[in-house]
Amino acid sequence: MSLFLRILFYVAIAGMGTSAIYCGMVLAGALRFARRKRREEQAPVEFLPPVSVLKPLHGTEPDLEDNLRRFFQLDYPEYEVLFCARHASDEGLQMAQRIAAEYPWVRTKFLTCGEPRFPNAKMWSMAALGEAASYETLVTSDADARVSRDYLRRCVQELADPQRELASCLYVGRTNGGFAAQLDAVGKSVEMSGGIFVADMIEGGTRFALGVSMILRREAFQKAGGYEDLGQYYAEDFVLGQRLAKQGYGVRMANYVVRLMVLPQGLRNSFRDQVRWMKSTRRSRPAGHLGTGLTYAVPFGLIGLLWGLLAGHPGLGLLWLLAACVNRWVMAAVVLSALQDDKPGKPVLIYPLRDLLGFAVWVASYMGSTMVYHGGAYSLGPDGRFEPVERKARPGRDTKIPGAKVPDAPARGK
């Protein structure tokens, strides 16, 4: 056997071995999470403090109306919903105002914050929302999050422990888009959650947060450095959780699972967005991100197939690739079951293709440090901070948070 074939053989063997070990760890972590989820869902719901729900908005997108409407239908004794956009003319904010008119009994506030002066536009809106919130218990939720009526009742239980400052929710990807969006959605469900299950199991708890939906005390933002400093990071959710964990505060993954509505877009835009997130992960957890390359299975299955074809063993090569696909099918099925996904069929079936795409995204994450965010080009620094490429912002300049402005629509509810 030539040197080239030997290299292919041993690379395929090594990759299949590491991906099999990782799959086993994901299965153990997923089953651990599922047991905790079932146990905690059976516990009585007794901790019900008043809650401020913070919803930053920026324009409209498919499914937004349904996503927003669900926040007016929550089964919770006392809560308010705050929306913030850059300008009163924002279509997403106007949509929220129209929906709010149908639910006058729900206390609602509408804010505008102007153009962002932090690189992270979401944190710029969050600063205005946090200051305007009436209650000390906050629940943040992105525009693409879809929730059920018991969302607040179940999430807020995470703060019943006075030592816990922050919890965040895992999510199952959903989309009405084409195949590219479906691959992105199942990646968010399985690839993301699988890694979190393993990290939570190995580290004995979560040391970071996911920003799609977070449950926290108002003071948590200041304990983690304040809005201005967090607003310098692209992955402000990761930094928020990491800093609180380092200070000894409780940080946890909630047992509630959000439905995340993935934008229906083509492969090119979907790939670009995924690379942007992967570059952020590379900066946030460089060692762990590097090791991620060994957790994929299908790329090594293809290398095994190539070895089989070149070495005159095509049947063995096909079995190699099949073993890689079975690895991914099993992992996807168990993770989606732990997340209680009620539509796992097609996501499980296509997950091997997502695994291959995920590997390509991982490789691309090492190609440069620039990315596109909200239509602008940004440079991502070694510590996760990012800033516009066109103009380097000077520390301390233009960072004061202006008073949030209330547009014409009045606050509604009690």
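Q: Which residues of α6 do Tyr 22, Met 25, Val 26, Ala 28, Gly 29, Ala 30, Arg 32 and Phe 33 in α1 meet?
A: This is a predicted model, where local features need pLDDT of at least 70, side-chain atom pairs count only at pLDDT 80 or more, and totals for chains, interfaces and linings use all residues. Residues are numbered from 1 along each chain as its sequence is written, and side-chain values use heavy atoms, with hydrogens and water left out. Contact means heavy atoms within 4.5 Å. On the α6 side, the partners are Gly 194, Gly 195, Phe 197, Val 198, Asp 200, Met 201 and Ile 202.

Q: How are α1 and α6 oriented to each other?
A: Helix α1 spans residues 3-41 and helix α6 residues 179-202, and their axes sit 8 Å apart at an angle of about 80°. Angles of 65 to 115 degrees count as roughly perpendicular, and therefore so do α1 and α6: roughly perpendicular.

Q: Is Met 371 buried or exposed?
A: Met 371 lies in strand β9, residues 370-373. Buried means under 20% relative accessible area, exposed over 50%, partly exposed in between (1.4 Å probe, protein chains only). At 5% relative accessibility, Met 371 is buried.

Q: How far apart in space are Met 371 and Trp 277, C-alpha to C-alpha?
A: In sequence, Met 371 and Trp 277 are 94 residues apart. In space, their C-alpha to C-alpha distance is 9.3 Å.

Q: What does Trp 329 count as at 30% relative accessibility?
A: Trp 329 lies in helix α13, which runs over residues 314-338. Its relative accessibility is 30%, so Trp 329 counts as partly exposed.

Notes:
Helix = DSSP H or I, 4+ residues; strand = E, 2+ residues; numbered from the N terminus. Axes fitted to C-alpha atoms, helices over the stretch in contact; angles between N-to-C directions. Parallel < 35°, antiparallel > 145°, perpendicular 65-115°, else oblique.
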